[in-house]
Amino acid sequence: MSHDEQERKLEAVPIACTLSAPAEINERRASIEELFVSVVEKSELPDGYEFLFPSDDNHARRLWQFVEAERKCCPFLIFELVFEQASEVGGREREIHVLV
């Protein structure tokens, strides 16, 4: 899908979270806060943010679950997960990149 097609598709999606019950919202917020405590690095991009997480299997699974849940309640968000090999590169372990 081209960038223009993606933008047209997004224009049809309301920019609003579908969670409405306070308990749902609080549970989701706590889950996100718990996951994002482990952010290694955060960068602001021209069209969003990039978060780097440790590249272990636990984080990979939790990030996948995070994206699945967010796609259900906030379909206007676009996510990109980039899983690098877990190996030493330039003196530090590679991370999982999450672009929002």
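Q: What are the ground rules for the numbers here?
A: The model is predicted: local features need pLDDT of at least 70, side-chain atom pairs count only at pLDDT 80 or more, and totals for chains, interfaces and linings use all residues. Residues are numbered from 1 along each chain as its sequence is written, and side-chain values use heavy atoms, with hydrogens and water left out.

Q: How many helices and strands are in the protein chain?
A: The protein chain has 3 helices and 6 strands. Helices (H or I, at least four residues) and strands (E, at least two) are DSSP runs, numbered from the N terminus. The order from the N terminus is α-α-β-β-α-β-β-β-β.

Q: What share of the residues is buried?
A: Buried residues are 22% of the 100 in the protein chain. Buried means under 20% relative accessible area, exposed means over 50%, and partly exposed is in between (1.4 Å probe, protein chains only).

Q: Which residues make up the largest nonpolar core?
A: That core has 7 residues: Leu 35, Phe 51, Phe 53, Leu 63, Phe 66, Val 67 and Phe 79. Strand S2 (48–54) and helix H3 (57–73) are the elements that give two or more residues to this core, and H3 gives the most, with 3. A nonpolar core is a set of buried Ala, Val, Leu, Ile, Met, Phe, Trp, Tyr and Cys residues joined through side-chain atoms within 4.5 Å.

Q: OK, how many residues of S2 are buried?
A: In S2, 5 of its 7 residues are buried, and the strand is mostly covered.

Q: What does S2 pair with?
A: Strand S1 (residues 41–45) is joined to S2 by 5 bridges, and the two run antiparallel. Two strands pair if DSSP finds at least two bridges between them. S1 and S2 form a hairpin, with 2 residues between them.

Q: Which residues stand opposite each other there?
A: Lys 42 stands opposite Phe 51 in S2, and Glu 44 stands opposite Tyr 49 in S2.

Q: Switching to H3. How far does it reach?
A: H3 has 17 residues and reaches 25 Å from its first C-alpha to its last, close to the 24 Å expected at 1.5 Å a residue. The expected span is 1.5 Å times one less than the number of residues.

Q: What caps the N-terminal end of H3?
A: Asp 56 does, with a side-chain oxygen 3.1 Å from the backbone nitrogen of Asn 58.

Q: Which H3 residues are buried?
A: His 59, Ala 60, Arg 62, Leu 63, Phe 66, Val 67, Glu 70 and Cys 73.

Q: Why does Glu 70 count as buried?
A: Glu 70 counts as buried because its relative accessible area is 8%. Leaving out residues up to four places away in sequence, Glu 70 touches Arg 28, Ile 32, Pro 75, Leu 77 and Phe 79. Contact means heavy atoms within 4.5 Å.

Q: And Arg 71, buried or exposed?
A: Arg 71 is in helix H3 and counts as exposed, because its relative accessibility is 57%.

Q: Which residues form the aromatic cluster?
A: Phe 36, Tyr 49, Phe 51, Phe 53, Phe 66 and Phe 79 form one cluster.

Q: Last one: where is Ser 38, and what does Ser 38 touch?
A: Ser 38 is in the loop between H2 and S1. Not counting residues up to four places away in sequence, Ser 38 touches Leu 52, Phe 53, Pro 54 and His 59. Ser 38 counts as partly exposed, because its relative accessibility is 22%.

Conventions. A polar contact is a pair of N or O atoms within 3.5 Å; within protein, one must be able to donate a hydrogen and the other to accept it, and residues adjacent in sequence count only if both atoms are side-chain atoms. Rings of Phe, Tyr and Trp (its six-membered ring) pair if their centres lie within 6.5 Å; planes under 30 degrees apart count as stacked, over 60 as edge-to-face and the rest as tilted.
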